There are 2 protein chains.
Amino acid sequence: MAIRFISLWLSLFFISLFSSTLSIPRIGPAFPSSIIRAEQQPSFATSNQPYRIKFFTQILDHFNYHPQSYQTFQQRYLINDTFWDGPKNNAPIFVYTGNEGEIEWFAQNTGFMFEIAPHFKALLVFIEHRFYGESIPFGGDKNAAYKNSSTLGFLSSTQALADYATLIIDLKKNLSAQDSPVVVFGGSYGGMLAAWFRLKYPHVAIGALASSSPVLFFENITSPYGFNDIITNDFRSESENCYKVIKGSWQQIEDTANQPGGLEVLRESFKICKNYISANYLEGWLQTALVYTAMTDYPTPSNFLNPLPAYPVKQMCKAIDDPALGNDTFAKLHAAANIYYNYSGAAKCFDLADDSDPHGLGGWQWQACTEMVMPTDGNSQDSLFPASSWNYSERVAICQRFYNVQPRPTWITTEFGGHDIERVLKRFGSNVIFFNGLRDPWSAGGVLKSISKSIVAIVAKEGAHHVDLRFSTSEDPEWLKDVRSREVKIISRWLSQYYHTLETAFNIN
Amino acid sequence: MAIRFISLWLSLFFISLFSSTLSIPRIGPAFPSSIIRAEQQPSFATSNQPYRIKFFTQILDHFNYHPQSYQTFQQRYLINDTFWDGPKNNAPIFVYTGNEGEIEWFAQNTGFMFEIAPHFKALLVFIEHRFYGESIPFGGDKNAAYKNSSTLGFLSSTQALADYATLIIDLKKNLSAQDSPVVVFGGSYGGMLAAWFRLKYPHVAIGALASSSPVLFFENITSPYGFNDIITNDFRSESENCYKVIKGSWQQIEDTANQPGGLEVLRESFKICKNYISANYLEGWLQTALVYTAMTDYPTPSNFLNPLPAYPVKQMCKAIDDPALGNDTFAKLHAAANIYYNYSGAAKCFDLADDSDPHGLGGWQWQACTEMVMPTDGNSQDSLFPASSWNYSERVAICQRFYNVQPRPTWITTEFGGHDIERVLKRFGSNVIFFNGLRDPWSAGGVLKSISKSIVAIVAKEGAHHVDLRFSTSEDPEWLKDVRSREVKIISRWLSQYYHTLETAFNIN
């Protein structure tokens, strides 16, 4: 069985290893190598300069004071002041709290902020997360920074949040915009950071839009079967046959692989290139396609990791259900995988050993080995994937072996909470939107019920992974338009309240 | 001029040096060496075992994951379950968030918690702050832990708060008391920690009583003259002559010291022992007495640092105004100092070079050199002390010289806020009591106005430094009884709301 390090958004790894032997042929993200082209995004196409790139001298360690803590690094951020009404009018600042990858990529996939900026006359800032993109400590040298736990040790969520607070405060000071309200935005892990940022730094951000942020996917708050149950339902909701074919394929792949010449049969069936193949790698490769397709089951064509058609789960099931392929399970699975890996039709063969990482997401593995211990990869008997239970000790063994590091599985709930979140936040905190799309497997660990008047859940039954943050298109369905319009209304209310309080304070003085 | 590192509560240092030359004869707390005797406290006298002493294996560095982060140390805490109604009834847990010193000492001076515990049927826990008392990292060896910035670097407020969260969560789990509500208490720096703990860890504590916590004494939020202005007013409110005599004494001391044989005149006048004397040391020694007496201007006799009579400021001014001493300024000042340093009358001479530190408060110097940069020691023209401005660069130079460390004067407001606190918390957070006594110089940096319905300020015009937390006595004035009774009522309300929410949640499930 393949063990998956399911992490956030794009950082889904398949660690192809036999769990019983713990032999580790490789550990690493298995990403398709297509790169987002900015010109494919409408607003990026209309503007030659959607942002300027800047750097901020950031401290390595906010929480300690030993000599190494004082080392600095250059943290990258993107800034767009095209629409900003400036400091004199205390016009708002919208900040994206960067995820586990290069920040341009998240900016390009967060068109929502560009689209609402003119209405709010807002400054846009996208801050890159430490250890990703070009925001690399230890002299900007990724090899040095990723060398071992002595250097990677400074890659943590609390440090990232403190980076954001420090940078935002400094930026506002430099812009003489101390009274400009800041709203933070983020999707996926970036959404977790946005929500936590509002809760931990209310003096820096007046509100947070946390899209598809599985803040409850820690410890035992959410079922370890929840993630794959949703993927299962996604495919099953398209057709029972589609679900059954996929579910039946795993045993068939393993049986075939175990026969003499079987791996070559599989290579042929799935058009795998002439290098490494194994049943585990092949299963991992297929599962990657299924998981990401479920996550990005958007109502319009998209190109986040790979170019995909609208409603790609439906398209995959259509391929699987195609009567022309008869009972050939492998042909059906290949046709489905082809939608994910080769929608453009250009690929001649698929490289199972491809571990290219065009958006620099590899640091997530470290995060998953330290604090981001999210039990997502259990599979119930009915799962689309082979049944398996969440195995924490396996995670420990892998992390020990790979980084010589011990996970701290209770840290996130210690630092940020999560247990009984409704009770805790019922009378504490304000101004957070938790958006979730229920077709997104991550929604299993999301906040799906409003907690108070101003800590609200927006749930879209048909939605996928932070679909609300994407550029709008003319084909967007009504429910998606509604979601965005609700978000804009709520953010407007936060700002009105802020300005009202500001005026009142001025009148008193 | 003597430079003072005024820090919290008991950690007032006089760094006796000439600021112009930056020669540092010593840096260290100048504490009187009397030790609190537990049998003097009423409730401690009636119980042979007011608490059990326990230890928790705590991680050295919560926020990073390099190998050193995983080192552990034994953190001490005191626990009293005499009054606790146990986990079955979800009876509350009252936790004192320890300050910059040995925890027993704070427990002994926080009788309020012992006195209200029976009413609330509460478990009492007093957690010692890392690097103080017996909670020493690096093998429990204070010399090793305090060796230099490489080890002291792990002494910080954020680490301390994370320690408290980790310990409390573990303790509740071990007691099967996960649903018992936790209320945190603290005075002075411990009060800052209590308030910040509620704001940062609302999932761990349902409320905080933050007594005399100068959370606004950072950056430029509070005037650097505020602290000494209050001391000035304290003495001036007793008698204008008292104020004038003290104010006039500094020049006279310096003039005398500059004359041949003058230091021996001063030694004789103030009964200083036959070792080191200088005008600066003498001034520092007198100022210590005046500052602490203002801080502890309690309405009843006390024995926090030293045994003191009720209303000690009044007693000092009475001594100064005593006509029997004529115009002899030094005799007047000696009589005043004698109240603070020698109320028992046992001392034969005073040792200016005494840097004993019976409660282990020395770590505060490090904290003042890193994050606790509180501009308290400016003196306006009218100050009781010689006029001076707050000099940040001097602090930097001292810290550089002494620890080779650079202060981070903006960190506390970055991490915990403080600017525009009313605006920020008006619609964020809940269940904090900020108590301040206006005779306490630290109240200059306190929250003196209620921010919302549940973030409330209790202000006692006649109150001194966390007087509310002290054991009650039969002589307590009405205003003090009122303060405590208001605090009890508010805490009761928090608990009622918690239990109500808990029941509602149970009913739903």
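Colleague: What should I know about the numbering and the cut-offs?

Modeller: Residues are numbered from 1 along each chain as its sequence is written, and chains are lettered from A, with ligands numbered from 1, in the order in which they are written. The model is predicted, and local features need pLDDT of at least 70, side-chain atom pairs count only at pLDDT 80 or more, and totals for chains, interfaces and linings use all residues.

Colleague: How many residues of chain A are in contact with chain B?

Modeller: In general, the size of an interface is often given as the accessible area lost when the parts come together. Here the count is of residues in contact (C-beta atoms, placed from the backbone, within 7 Å). By that count, 40 residues of chain A meet 40 residues of chain B. On the chain A side, α6(A) gives the most, with six residues. That side divides into 14 nonpolar, 20 polar and six charged residues. Ala, Val, Leu, Ile, Met, Phe, Trp, Tyr, Cys and Pro count as nonpolar, Asp, Glu, Lys and Arg as charged, and the others, Gly among them, as polar.

Colleague: Is α6(B) mostly covered or exposed?

Modeller: Helices are DSSP runs (H or I, at least four residues) and strands likewise (E, at least two), numbered from the N terminus. Of the 18 residues of α6(B), 13 are buried, meaning that 20 or more other C-beta atoms, placed from the backbone, lie within 10 Å of a residue's own. Just after α6(B), B:Ser176 takes a positive phi of about 50°.

Colleague: What is the strand order in the open sheet of chain A?

Modeller: Strands of a sheet pair through backbone hydrogen bonds, either parallel or antiparallel. Pairing here requires at least two DSSP bridges between two strands. The eight strands have the order β3-β4-β6-β5-β7-β8-β11-β12 (chain A), with mixed pairing. β3 and β12 of chain A stand at the edges, each with a single partner strand, so one side of each is left without a neighbour in the sheet. Five bridges join β7 to β8 of chain A, which run parallel.

Conventions:
Contact = placed C-beta atoms within 7 Å. Buried ≥ 20, exposed ≤ 12 C-beta atoms within 10 Å, placed from the backbone.
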